[in-house]
Amino acid sequence: MSEISEKQANSVVQLKEWVKGQPHLPQNLDEHLLLRFAHSCYYDMDKAKTTVETFFTVRNSCSDLLTNRDPNSHHMQKIMKVINIGQYELSDNTCLWLWQINDPGLDTYDYTLDAKLFFLTTDAFFMSDKHLYESDIVLMDVKDISLKFITKLNISVARKLAKYQEDAIPIRLKQVHVINAPSFIDKIYGVLKPFMRKEHTEMIHFHSPKSETLFKYIKKEDLPEDYGGLKPSLAELTENSLEKVMNNREQLLDENLWRTKKNGTSVDEGSFRKLAID
């Protein structure tokens, strides 16, 4: 690892020692991944351990989203053509996560493949980016969303994805902004909201098309050039994100990556159900 503080080093040592006592967890975890968990929990070791456990347990319940995800495959290439996705650092040491459906009519869009792409790109990001951000903001552009999106939803996948994003992914999520939100967004949100905890729904802000309310939270110059900002375009950010995927392709194709084992057998859905889900 690069230069880290004594507090950070101690947190990694504590987590490594704890992992040794958890035979179902992988024993070869990257130290920086462990540091991410500690950092995301503000170095509260009990919370970090819970987050690590949730991370692996939820991932085991999502085996269909973590296998058969070769970025060169036809089905992954198909979803990559209609999703813009990426991350970059803002001026205040915040990581901005971007997602946009670019598929008018939603004829090509597949919700489950979108979730698979989310796992693929975030895994690649955690492998590639060694920076620790003070906070994280999600920006979702739903310009091509229609009520047809509801028919594309997979409730089981949505439930697991919400659990992973809220309680398992090692980031410090502070805000979620949904831009170009149509008038019927409340109907789509109403389907997804039951899977989300109140403290996370309170982070979500909706911004209608041509609205400037987003600028109350993010400086216009800190946005991609698609939105009048000075940052790279969504196309370039997506290219950078997919480049990280290709650079780590061999590791990402390992179907045992960041998966738990118990008595030589993968933890099943039953373990996931034991987790508290609101």
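Two packed helices are described by the angle between their axes and the distance between the axes. In the predicted model, helix α1, which spans residues 6-20, and helix α2, which spans residues 31-40, have axes that come within 9 Å and cross at roughly 105°, so that α1 lies roughly perpendicular to α2. On the α1 side the contact is made by Gln8, Ser11, Val12, Leu15, Lys16 and Val19, and on the α2 side by Glu31, Leu34, Leu35, Phe37 and Ala38. By class, the residues of this contact comprise 7 nonpolar, 2 polar and 2 charged.

The largest pocket has a volume of about 370 Å³, and among the 18 residues that line the pocket, Ser40, Cys41, Glu166, Ile171 and Arg172 are the closest to its centre. At least two residues of the lining are supplied by each of α3 (45-61), α8 (155-167), β4 (173-179) and α10 (198-201). The lining of the largest pocket is made up of 7 nonpolar, 5 polar and 6 charged residues.

Lys220 is placed in the loop between β5 (204-207) and α11 (234-247), and its relative accessibility of 38% means that Lys220 counts as partly exposed. When neighbours within four places in sequence are left aside, the contacts of Lys220 are with Phe215, Tyr227, Gly228, Gly229 and Leu230. For Leu230, which is 10 residues from Lys220 along the chain, the separation between the C-alpha atoms of the two residues is 8.0 Å.

Terms used:
Residues numbered from 1 in each chain as written. Predicted model: local features only at pLDDT ≥ 70, side-chain atom pairs only at ≥ 80, totals over all residues. Heavy atoms only, no water. Axes fitted to C-alpha atoms, helices over the stretch in contact; angles between N-to-C directions. Helix = DSSP H or I, 4+ residues; strand = E, 2+ residues; numbered from the N terminus. Parallel < 35°, antiparallel > 145°, perpendicular 65-115°, else oblique. Contact = heavy atoms within 4.5 Å. Nonpolar A, V, L, I, M, F, W, Y, C, P; charged D, E, K, R; others polar. Buried < 20%, exposed > 50% of the residue type's maximum accessible area, 1.4 Å probe, protein only. 1 Å grid on protein atoms, 1.4 Å probe; cavity = no way out; pocket = protein on both sides within 12 Å on 5 of 7 lines; lining within 4 Å. Points joined across faces, edges and corners; volume = space filled by probe spheres on them.
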